[in-house]
Amino acid sequence: MTRRVEAVKQSPAPTGRPSAAAYRNLVVATIGFGLTFWAWNLIAPLSGDYKERLGLSSFEQSLLVAVPVLVGSLGRIAAGALTDKYGARLMFPLVSALTIVPVLLLIPARSSYGAVLAVGFLLGLGGTTFAIGIPLVNSWFPPSDRGLALGVFGMGMGGVALSGYFTPRIAQHGDNLPFLVVAGALVVYAALAAVLISDHPDRKVPTDSLGHRLGEAGRLRVTWELSALYAIGFGGIVAFGVYLPTYLKTWYDLSPTDAGTKAAGFALVTVVFRPIGGWLSDHIHPALVTSAALGLAALMAIIQAFDPKLAPGGTIALLCMAAGLGTSSGSIFALVSQVTPQPKVGSVTGIVGAMGGLGGFVPPLVMGAIYSAKGSYSIGFMLLSDLALAGCVYAYGRMRNIQRDRRTPEPAV
């Protein structure tokens, strides 16, 4: 408790109304999050093409989609800790610029499964910007507005929707065109971010080592509790974002374009409901919001396990599931922002974000393996419902007992 109080005294949180600089950083960070997530998800909308051209099995196709998710998730741990040390002003444009490299490497790699896997490994870099933006936004906004601000930043995960909708359509005009378009957008953004992003003037630079800071964050019980919840909520979003085109194409026999469009709709709903989850958490205890949202996702997963027709049953179930997962993702990070001192925001965010991303790595592999073995996705949806229900119960039974400090000037995460 003493250590936490000392950390709070060292890094005062902003009070009053957010400044113009706070909104500028929020907008620029959200755009960058969206662009890098588009890059991170470039392979998934084209996975059907890779499967046909390279003769891949369902599991090989799932692995191709899941590798960037795994690397991007683990990379958040280092990205968050490095952001604590060097600030988002350096990290955001740097990571955005480095992501250009694997995006362009997808062009010569597309004819080899091994090469695409290797480039997908590097492409995971684009998934780390989440752990850079959270501490940036958190530092600029007062506690009473953080839930909504973090939810708005989380809308950047709409890059998955942009990728699902635009990537296959752009590819119709040229196999290499999607990669060139995304690379060009990242070039422009990296240059603008270097000018427009600024760290909070009261940001305290930690003097201890990266390993020590990660160890301190890892010793907090709440880090792992929130990691488990986020692995279910955001992990579900990532899993469906990367695997839903494959599921719709395989099970409902949709064309790649139609499957990508419907998957983009799923992702768009999660994007819209993430700030709603944050806003609700500014007015209701975020654990209650999380519990209700995961309960809804569990119910919809059970319905989808019975393989309803896509119109209207399947569509309604998937979109309601998206609403529940999106809301929980916003409310969980609103809860994170109440229990972590500001100097540890990046480190804790990195761990929680990594677990969320890892939550998205496993389901595509499980779904692909189950379909290859059983010719059905029902078992996979029932497993999702079990996890979501467990998160629902835990959030209500344990996390709602954490005290709220919505109006106090303490820093958070």
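Reader: In which hand does α2 pass α7?

Author: A crossing is left-handed if the near helix is turned anticlockwise from the far one by less than a right angle, and right-handed if clockwise. Here α2 passes α7 in a left-handed crossing. This is a predicted model, where local features need pLDDT of at least 70, side-chain atom pairs count only at pLDDT 80 or more, and totals for chains, interfaces and linings use all residues. Residues are numbered from 1 along each chain as its sequence is written, and side-chain values use heavy atoms, with hydrogens and water left out.

Reader: At what angle do the axes of helix α2 and helix α7 cross?

Author: Axes are lines fitted to C-alpha atoms, for helices over the stretch in contact, and angles run from 0 to 180 degrees between N-to-C directions. Helices (H or I, at least four residues) and strands (E, at least two) are DSSP runs, numbered from the N terminus. Helix α2 spans residues 20-40 and helix α7 spans residues 130-140. Their axes cross at roughly 165 degrees and come within 9 Å. That makes α2 roughly antiparallel to α7. The cut-offs: under 35 degrees is roughly parallel, over 145 roughly antiparallel, 65 to 115 roughly perpendicular, the rest oblique.

Reader: Which residues of α2 and α7 make the contact?

Author: Contact means heavy atoms within 4.5 Å. From α2 come Ala21, Ala22, Asn25, Leu26, Ala29 and Phe33. From α7 come Phe130, Leu136, Val137 and Trp140. By class, the contact has nine nonpolar, one polar and no charged residues. Nonpolar covers Ala, Val, Leu, Ile, Met, Phe, Trp, Tyr, Cys and Pro; charged covers Asp, Glu, Lys and Arg; the others, Gly among them, are polar.

Reader: How do the axes of helix α8 and helix α13 cross?

Author: Helix α8 (residues 143-154) and helix α13 (residues 256-281) cross at roughly 170 degrees, with axes that come within 7 Å. That makes α8 roughly antiparallel to α13. In α8, Gly147, Leu148, Gly151, Val152 and Gly154 meet Arg274, Pro275, Gly278 and Trp279 in α13. The class count is four nonpolar, four polar and one charged.

Reader: How many helices and strands are in the protein chain?

Author: The chain has 17 helices and zero strands. Of its 413 residues, 59% are buried. Buried means under 20% relative accessible area, exposed over 50%, partly exposed in between (1.4 Å probe, protein chains only). Among contacts with a separation of 6 or more, 87% come from residues 24 or more positions apart.

Reader: Which residues have the most contacts inside the largest nonpolar core?

Author: A nonpolar core is a set of buried Ala, Val, Leu, Ile, Met, Phe, Trp, Tyr and Cys residues joined through side-chain atoms within 4.5 Å. The largest has 109 residues, and those with the most contacts inside it are Tyr50, Val103, Phe240, Leu248 and Met321. Helix α12 (residues 221-251) gives the most to this core, with 13 residues. Leaving out residues up to four places away in sequence, tyrosine 50 touches Ile43, Gly55, Leu56, Leu64, Leu106, Arg110, Val116 and Phe179.

Reader: Is threonine 223 buried or exposed?

Author: Threonine 223 has a relative accessible area of 1%, so it counts as buried. Threonine 223 lies in helix α12. Beyond residues up to four places away in sequence, threonine 223 touches Ala217, Val348, Ile351 and Val352.

Reader: Where is serine 198?

Author: In the loop between α10 (177-196) and α11 (210-218). Serine 198 is buried, at 18% relative accessible area. Serine 198 and leucine 136 are 62 residues apart in sequence and 8.5 Å apart in space, C-alpha to C-alpha. With residues up to four places away not counted, serine 198 touches Arg24, Asn25, Arg89, Leu136 and Trp140.

Reader: What is phi of aspartate 253?

Author: Most residues other than glycine have a negative phi, and most peptide bonds are trans. Phi of aspartate 253 is near 55 degrees, a positive value. Aspartate 253 sits in the loop between α12 and α13 and is exposed at 67% relative accessibility. Phi of aspartate 307 is also positive, near 55 degrees. Aspartate 307 is in the loop between α14 (286-305) and α15, partly exposed at 27%.

Reader: Which residues does a cis peptide bond join?

Author: Alanine 311 and proline 312, with omega about 0 degrees. Proline 312 is in helix α15 (residues 310-339).
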